[in-house]
Amino acid sequence: QAQLVESGGGLVQSGESLRLSCAASGSLFRIVAMGWYRQAPGKQRELVAYVTASGTTVYADSVKGRFTISRDNAKKTVYLQMNSLKPEVTAVYYCKRVDGDNWGQGTTVTVSS
């Protein structure tokens, strides 16, 4: 089973930016859709964005225009660039193959006002 290692989270102030990275193992990376998900305290895990194998991107309405998902197949890495951060995006962020059930350990994003 492919391993997923998220990184790049941290504590930032409102309005700042972060870029999350998810390094994946396995030979199928380039042909699968990859997604970023998040789980805020007391809430269910939700999809933030995903990128298909061909590069098509889809975003949750709440992050459109502020977050950008991308992938580097050579590095087997998917990224989430997050700009103009607001306290309400505070959560643990996870990446996952869209059609899989293997989760990484997540990376925590905390935005202070």
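Which side chain meets that of Glu 46 in a salt bridge? The partner is Arg 38, with 2.8 Å from N to O. This is a predicted model. It holds three salt bridges.

**Salt bridges**
- Side chains of opposite charge can pair when their charged atoms come close.
- In the pair of Glu 46 and Arg 38, Arg 38 is buried at 8% relative accessibility. Glu 46 is partly exposed at 38%.
- Arg 97 and Asp 99 form a salt bridge through their side chains, at 2.5 Å from N to O. Arg 97 counts as partly exposed, with 32% relative accessibility. Asp 99 counts as exposed, at 58%.
- Asp 61 and Lys 64 are joined by a salt bridge, with their closest N and O atoms 3.0 Å apart. Asp 61 is exposed, and its relative accessible area is 64%.

- Glu 6 sits in strand S1, which covers residues 4–7.
- Glu 6 is buried but has no salt bridge. The nearest side chain of opposite charge belongs to Arg 45, 7.4 Å away.
- A polar atom of the Glu 6 side chain lies 2.9 Å from the backbone nitrogen of Cys 95.
- Beyond its neighbours within four places in sequence, Glu 6 contacts several residues, among them Trp 36, Tyr 93, Tyr 94 and Gln 105.

- Strands of a sheet pair through backbone hydrogen bonds, either parallel or antiparallel.
- Here four strands make an open sheet, ordered S1-S3-S8-S7, with antiparallel pairing.
- S1 and S7 (67–72) are the edge strands, each with a single partner, so one side of each has no neighbour in the sheet.
- From one strand to the next, the twist averages 15°.
- S7 pairs with S8 (residues 77–82) over six bridges, in the antiparallel sense. Ser 70 stands opposite Tyr 79 of S8.

**Two loop residues with positive phi**
- Most residues other than glycine have a negative phi.
- Lys 76 has a positive phi, near 50°. Lys 76 lies in the loop between S7 and S8. Its relative accessible area is 30%, so Lys 76 is partly exposed.
- Ser 84 also has a positive phi, near 50°. The loop that holds Ser 84 runs between S8 and strand S9 (91–97). Ser 84 is partly exposed, at 40% relative accessibility.

Conventions. Residues are numbered from 1 along each chain as its sequence is written. This is a predicted model: local features need pLDDT of at least 70, side-chain atom pairs count only at pLDDT 80 or more; totals for chains, interfaces and linings use all residues. Side-chain values use heavy atoms; hydrogens and water are left out. Buried means under 20% relative accessible area, exposed over 50%, partly exposed in between (1.4 Å probe, protein chains only). Lys and Arg count as positive and Asp and Glu as negative; His and the chain ends are not counted. A salt bridge is a side-chain nitrogen of Lys or Arg within 4 Å of a carboxyl oxygen of Asp or Glu. A polar contact is a pair of N or O atoms within 3.5 Å; within protein, one must be able to donate a hydrogen and the other to accept it, and residues adjacent in sequence count only if both atoms are side-chain atoms. Contact means heavy atoms within 4.5 Å. Two strands pair if DSSP finds at least two bridges between them. Axes are lines fitted to C-alpha atoms, for helices over the stretch in contact, and angles run from 0 to 180 degrees between N-to-C directions.
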